[in-house]
Amino acid sequence: MNRQTLLTGLGSLALLILLTSTFTVSETEKVIVLEFKKIVGTDYGPGLHFKLPYRQVKKFDRRILSLESKPERFLTSEKKNVLVDWFVKWRINDVTKFYTSVGGDKAQANIRLDQITKDAMRNEFSKRTIRELVSSDRGRIQDALTTMVETETEADLVEESDLIANGLA
């Protein structure tokens, strides 16, 4: 009986160590491995991976993410208000930079991206008249805004972004 209890205990301990030493990565995820809050690994493809039991795994979405904003008022060069409804499609580029810049928090990344996008729109709209905003230059304006947002984030948050102004009122 004593030997059986010992074997059961050792088997349970071995199973526990095995379970805490493995992790899986989905095709839709990017992963970093932390050792006492220090990044020790980032390049993990989809599948089963092994780690030391005391290391922590953080998973991030590799798919395209969306940031939608409430309609926002901006001033044109004519000092007229324009109400703009917009959204941004973005994806995490470098997991290490993403983790260090916003702590791996998607909500913080959205807040930062929201501020950067609003600043870019404010700057771009203040240079143009209402007629220019609703004319065929709209595609050029959108490209300029996307470029400004990608430059401002220094590619640590955004890999592929697409800023789309849904409606002007």
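F60 is buried, at 8% relative accessibility; buried here means under 20% relative accessible area, exposed over 50%, and partly exposed in between, with a 1.4 Å probe and protein chains only. Before going on: this is a predicted model, where local features need pLDDT of at least 70, side-chain atom pairs count only at pLDDT 80 or more, and totals for chains, interfaces and linings use all residues. Residues are numbered from 1 along each chain as its sequence is written, and side-chain values use heavy atoms, with hydrogens and water left out.

Now the aromatic pairs. A pair of aromatic rings is described by the distance of the centres and the angle of the planes. The criterion is that rings of Phe, Tyr and Trp (its six-membered ring) pair if their centres lie within 6.5 Å; planes under 30 degrees apart count as stacked, over 60 as edge-to-face, and the rest as tilted. Searching the whole structure gives 5 such pairs.

In one of them, the ring centres of F23 and Y44 are 5.3 Å apart and the planes stand at 75 degrees, so this pair is edge-to-face. F23 belongs to strand β1 (residues 22-25) and Y44 to the loop between β3 (38-41) and β4 (47-50), so the pair ties together parts 21 residues apart in sequence. Helices (H or I, at least four residues) and strands (E, at least two) are DSSP runs, numbered from the N terminus. F23 is buried at 7% relative accessibility, whereas Y44 is partly exposed at 23%.

Back to F60, which pairs with F98, also edge-to-face: 5.5 Å centre to centre, with 80 degrees between the planes. This pair too links distant parts of the chain, with F60 in strand β5 (residues 56-61) and F98 in helix α2 (residues 95-102), 38 residues apart. F98 is buried, at 1% relative accessibility. Ring pairs join F60, W90 and F98 into a cluster.

Is E124 buried or exposed? E124 is buried, with 5% relative accessible area. E124 sits in helix α3 (residues 106-125). Leaving aside neighbours within four places in sequence, E124 is in contact (heavy atoms within 4.5 Å) with I141, A144, L145 and M148.

Last, helix α1 (residues 2-20), where I17 is found. I17 is partly exposed, with a relative accessible area of 44%.
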